[in-house]
Amino acid sequence: MTSASLPLREDVPLAPLTTFRIGGPARYFAEATTEQEVAAAVAWAEAQGVELFLLGGGSNLLVHDEGFAGLVLQMKIAGIEALGDGVFEVGAGESWDGFVARAVAAECAGIECLAGIPGSVGGTPVQNVGAYGQEVSETIVSVRAFDRQAKAFVDLSKQECRFRYRASLFNTDARGRYIVTRVRFQLRAGGVPTLRYADLQKHFADAHPTPSLVAVAAAVREIRRAKGMLIVEGDPDCRSAGSFFKNPVVAASLLPEVAKAVGGEVKDVPSWPAGEGCVKLPAAWLLERAGFVKGYGVGPAGISTRHTLALTNRGGATFADVEHLEEEIVAGVEIRFGIRLEREPVVLG
Ligand SMILES: Cc1cc2nc3c(=O)[nH]c(=O)nc-3n(C[C@H](O)[C@H](O)[C@H](O)COP(=O)(O)OP(=O)(O)OC[C@H]3O[C@@H](n4cnc5c(N)ncnc54)[C@H](O)[C@@H]3O)c2cc1C
């Protein structure tokens, strides 16, 4: 790259930069530690006529075996600024789990149930991460980003981000247009933890008084560890991109058919209301009823032994191995229930 402040590397392996540990190299690779470097990288890619892909922590990503022929820019902007009254301004390159630890230690509530989610702070608004009864959009005030179309930095309000289940402006209509550089959060200073989720309620059933935010975040990490949903070095069940399939939202009128497919009644089908006339079904339940249970698969790619929704790299898996397994599962669930599952992770290459 021409700018000395933004060193460029070539043919950089991407697999080690992802939690799946799969995929070929990036033709060009750079890190951005400042907003100026973000703008410089975009300008360089445009001048060279190569595509630019923004990499965060690589925890929601599946890279093709051939790699990526353009520039991979990894977000490294750091900094967690406490602005008082539970307001935090955080650099997009900070570790999400590190920010959660800092927030709960400062007795600020609102993200304690999102402890243990890997990846960067800048990655969280992209698919509006959620777990154990919380979604990141509940606490986001605004997102600062480089708008590649307008070639300028913009501050997007929460409303402009158009958050919904595992979706936002950033991974739908405006995919690839914005590079998130900072996120501003409004947490609840001195607030009590959210204990909406059954596993958490069970964990704290005998707790008097209300558990601390630190205790809830620790419990979430323990529950995640038991399911292989916490990154632990050497644990093959977490060599994944987390949940591989989204929970499908379908017309409520489909429920009798789903029940019939498992020889049961509508009341036996787990579901949550999801807007007018629609319900959300647990993808894990559909997989299991279609025969795709924990530990499924004989090859190097298989279903986690502890979490039905996580496809894992058992060692030496390729993009093609995961793709074959994905196709088999999607087809199996569709034949059984008439519902087509959607992939959650982003594919690069
Ligand atoms: C073990 C495990 C458990 C997980 N559990 C959960 C969970 O409970 N809930 C949940 O919602 N997700 C979960 N995930 C998925 C993943 O951790 C999140 O989606 C995370 O927020 C992705 O962030 P990242 O920085 O790793 O993004 P990456 O994987 O690097 O990128 C994902 C996408 O976001 C884009 N992106 C990343 N950073 C930016 C940025 N700064 N600006 C613009 N675009 C950007 C990328 O271009 C790409 O399109 C899990 C993953 C794993 C491996």
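Some ground rules. This is a predicted model, so local features need pLDDT of at least 70 and side-chain atom pairs count only at pLDDT 80 or more, while totals for chains, interfaces and linings use all residues. Residues are numbered from 1 along each chain as its sequence is written, and side-chain values use heavy atoms, with hydrogens and water left out.

Strands (E, at least two residues) and helices (H or I, at least four) are DSSP runs, numbered from the N terminus.

Now the polar contacts. That means a pair of N or O atoms within 3.5 Å; within protein, one must be able to donate a hydrogen and the other to accept it, and residues adjacent in sequence count only if both atoms are side-chain atoms. A polar side-chain atom of arginine 224 sits 2.6 Å from a ligand nitrogen. A backbone N or O atom of glycine 130 is 2.8 Å from a ligand nitrogen. For asparagine 60, a backbone N or O atom is 2.8 Å from a ligand oxygen. Taken alone, the ligand exposes 970 Å², and the protein buries 94% of that. Areas come from the Shrake-Rupley method with a 1.4 Å probe; for residues, only the protein chains shown count as cover.

Next, helix 1, residues 35-48. The expected span is 1.5 Å times one less than the number of residues. For these 14 residues that should be 20 Å, and the end C-alpha atoms are 20 Å apart, which agrees. Its buried residues are Glu35, Glu37, Val38, Ala41, Val42, Trp44 and Ala45. Buried means under 20% relative accessible area, exposed over 50%, partly exposed in between (1.4 Å probe, protein chains only). The buried residues pack against several strands, including strand 2 (25-32), strand 3 and strand 13. Just after the helix, glycine 49 takes a positive phi of about 70°.

On to glutamate 112, in the loop between strand 8 (108-109) and strand 9. Is glutamate 112 buried or exposed? It is buried, with a relative accessible area of 0%. Its side chain makes a polar contact with the side chain of glutamine 134, at 3.0 Å. Contact in general means heavy atoms within 4.5 Å. Not counting residues up to four places away in sequence, glutamate 112 touches Val100, Val104 and Leu213, among others.

Serine 243 lies between helix 5 (213-226) and strand 15 (249-251). Serine 243 counts as buried because its relative accessibility is 18%. Glycine 67 lies between strand 4 (61-63) and strand 5, and at 8% relative accessibility it is buried too.

Last, backbone angles. Most residues other than glycine have a negative phi. Arginine 21 has a positive phi of about 60°, and it is partly exposed, at 40%. Lysine 151, in the loop between strand 11 and strand 12, has a positive phi near 55°.
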